[in-house]
Amino acid sequence: MGLEKYRQKRKFDKTPEPAGGAGSGEGNRFVVQKHQASHLHYDFRLEIEGVLKSWAVPKGVPDVSGVRRLAVQTEDHPVEYIDFAGTIPEGEYGAGTVEIWDKGTFRLDNKSPEGLEFSLNGEKLSGAYVLIHTDGKNWLLIKRKEKP
Ligand code: MN
């Protein structure tokens, strides 16, 4: 996907968000940003192939196994966004406040056309998760049952 969409949507002389550089190699960080925009949602981002693959999760990332949450894929974000917290001014794309709700590292266990399997190691979230691609931009984010 790259960062073209991300940059097209924003005016970097107006928003405090990072424009982003070329991206770095293989990181394994994740972040959940609580975004109080016109509608509250949680942005879930995984560092994959030099960008942050991103999903907006209206009800937040589940911490109980078996709970399914809609996750709408959004444009790739630059890796620098992982530390972003602040206020996007009124009138700008995504206007509202962004705070870091959780962060940590993840291990990618499987990647296929159907989705992603990964394990999170954050301050709030931990354990095995799947993101299943349903259709278009829609995915389901599910915490898996703990292995006995
Ligand atoms: Mn958002």
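A salt bridge here is a side-chain nitrogen of Lys or Arg within 4 Å of a carboxyl oxygen of Asp or Glu. Keep that cut-off handy for this tour of a predicted model.

Stop 1: Select Asp109 and Arg107. They form a salt bridge whose closest N and O atoms are 2.6 Å apart. Color by accessibility and Arg107 comes up exposed, with a relative accessible area of 53%, while Asp109 counts as partly exposed at 38%. By the same cut-off, the count comes to nine salt bridges.

Stop 2: Next, pick Glu49 and Lys111, whose side chains meet in a salt bridge at 3.2 Å, N to O. This one links distant parts of the chain: Glu49 sits in the loop between S2 and S3, Lys111 in strand S6, and 62 residues separate them. Glu49 is exposed at 55% relative accessible area, and Lys111 is partly exposed at 45%.

**Stop 3: strand S3.** Now select residues 51-57. Buried or exposed, what is this strand? Seven of its seven residues are buried, so S3 is largely enclosed by the rest of the structure. Show the side chains: Val51, Lys53, Trp55 and Val57 point one way, and Leu52, Ser54 and Ala56 the other.

- S2 (residues 40-48) pairs with S3 in the antiparallel sense over seven bridges, and Glu47 stands opposite Leu52.
- S4 (residues 68-78) also runs antiparallel to S3, joined to it by five bridges; look for Pro78 as the bridge partner of Val51.

**Stop 4: the metal.** Which residues hold the manganese ion? Zoom in on His35 (ND1), His41 (NE2) and Asp43 (OD), which coordinate the ion at 2.2 to 2.3 Å. Along the chain, these donors follow the spacing H-x5-H-x1-D. Both His35 and His41 are buried.

Stop 5: Select Glu92 and Lys11, a salt bridge with its closest N and O atoms 3.2 Å apart. Glu92 is in the loop between S5 (86-88) and S6 (96-112), Lys11 in the loop between helix H1 (4-8) and strand S1 (29-36), 81 residues apart. Glu92 counts as buried at 14% relative accessibility, whereas Lys11 is partly exposed at 42%.

**Last stop: a network.** Finish with Arg10, Glu17 and Glu75, which are linked in a network of salt bridges.

Key: Residues are numbered from 1 along each chain as its sequence is written. This is a predicted model: local features need pLDDT of at least 70, side-chain atom pairs count only at pLDDT 80 or more; totals for chains, interfaces and linings use all residues. Side-chain values use heavy atoms; hydrogens and water are left out. Donors are N, O and S atoms within 2.8 Å of the metal (3.2 Å for Na, K and Ca); water is not among the atoms, so sites may look incomplete. Buried means under 20% relative accessible area, exposed over 50%, partly exposed in between (1.4 Å probe, protein chains only). Helices (H or I, at least four residues) and strands (E, at least two) are DSSP runs, numbered from the N terminus. Two strands pair if DSSP finds at least two bridges between them.
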